[in-house]
Amino acid sequence: MNGLIAVSARPTQGRWIEVYQCLEDLIKPTGWTVKYFTGWFSYENKNQAVAYAKQHLCEYIFFVDDDQILPPDTLTRLLAHNKDVVSCNLINRNPPFQPFIFNNVKENGQAAYRTFNDETDKGLI
């Protein structure tokens, strides 16, 4: 299995040093590589990552932004689900710090999301 750990980063901001430490500590399966895609817009960086992954025949892409801190076993835990698409829980940056999921695309092309509900959202969604 080969995969790409695609890190989206802004070109002039070092964001948080912990991000780079967590990427170094991340457990990577054999055949996986880390590559940084820099630009002002995260969606452009991710599009570049997809093009790179297709060109290099990667079976998987794991997107990481330069403001995410991950436990070392994140990637292996996600791959263990053996699904086509798996995502981590995301938490709002501002109060009330609720978990949310991206679940659609708006007519204007922006990502749409909804709050994750512990009562109704069970298991993989």
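## The contact between N45 and S8

The side chains of N45 and S8 are joined by a polar contact of 2.8 Å. A polar contact is a pair of N or O atoms within 3.5 Å; within protein, one must be able to donate a hydrogen and the other to accept it, and residues adjacent in sequence count only if both atoms are side-chain atoms. This is a predicted model, in which local features need pLDDT of at least 70 and side-chain atom pairs count only at pLDDT 80 or more, while totals for chains, interfaces and linings use all residues. Residues are numbered from 1 along each chain as its sequence is written, and side-chain values use heavy atoms, with hydrogens and water left out.

N45 is placed in helix α2, residues 42-55. Helices (H or I, at least four residues) and strands (E, at least two) are DSSP runs, numbered from the N terminus. N45 counts as buried because its relative accessibility is 2%; buried means under 20% relative accessible area, exposed over 50%, and partly exposed in between (1.4 Å probe, protein chains only). Apart from neighbours within four places in sequence, N45 is in contact with S8, A9, F37, T38 and G39, where contact means heavy atoms within 4.5 Å.

## The parallel sheet

Three strands form an open sheet with parallel pairing, in the order β2-β1-β3. The edges are taken by β2 (32-38) and β3 (60-65), each with a single partner strand, so one side of each has no neighbour in the sheet. From one strand to the next, the twist averages 25°. Axes here are lines fitted to C-alpha atoms, for helices over the stretch in contact, and angles run from 0 to 180 degrees between N-to-C directions.

Strand β1 (residues 3-9) pairs with β3 in the parallel sense over six bridges; two strands pair if DSSP finds at least two bridges between them. V7 stands opposite V64 in β3.

## Aromatic pairs

The whole structure holds four aromatic pairs. Rings of Phe, Tyr and Trp (its six-membered ring) pair if their centres lie within 6.5 Å; planes under 30 degrees apart count as stacked, over 60 as edge-to-face and the rest as tilted. One of the pairs is Y20 with Y36, which is tilted because the planes are at 35°, with the ring centres 6.0 Å apart. Y20 belongs to helix α1 (residues 17-25) and Y36 to strand β2, 16 residues apart. Y20 is partly exposed at a relative accessible area of 27%, and Y36 is partly exposed at 37%.

F37 and Y52 form an edge-to-face pair, with 5.9 Å centre to centre and 70° between the planes. F37 lies in strand β2 and Y52 in helix α2, so this pair ties together parts 15 residues apart in sequence. F37 is buried at 6% relative accessibility, whereas Y52 is partly exposed at 23%. K35 lies over the face of F37, at 5.5 Å from the ring centre; a charge sits over a ring if NZ of Lys or CZ of Arg is within 6 Å of the ring centre and within 35 degrees of the ring normal.

## V85 and the whole chain

V85 lies in the loop between α3 (74-79) and β4 (90-91), and is exposed, with a relative accessible area of 74%.

The protein has three helices and six strands, following the pattern β-α-β-α-β-α-β-β-β along the sequence. Of its 125 residues, 25% are buried. Among contacts with a separation of 6 or more, 59% join residues 24 or more positions apart.
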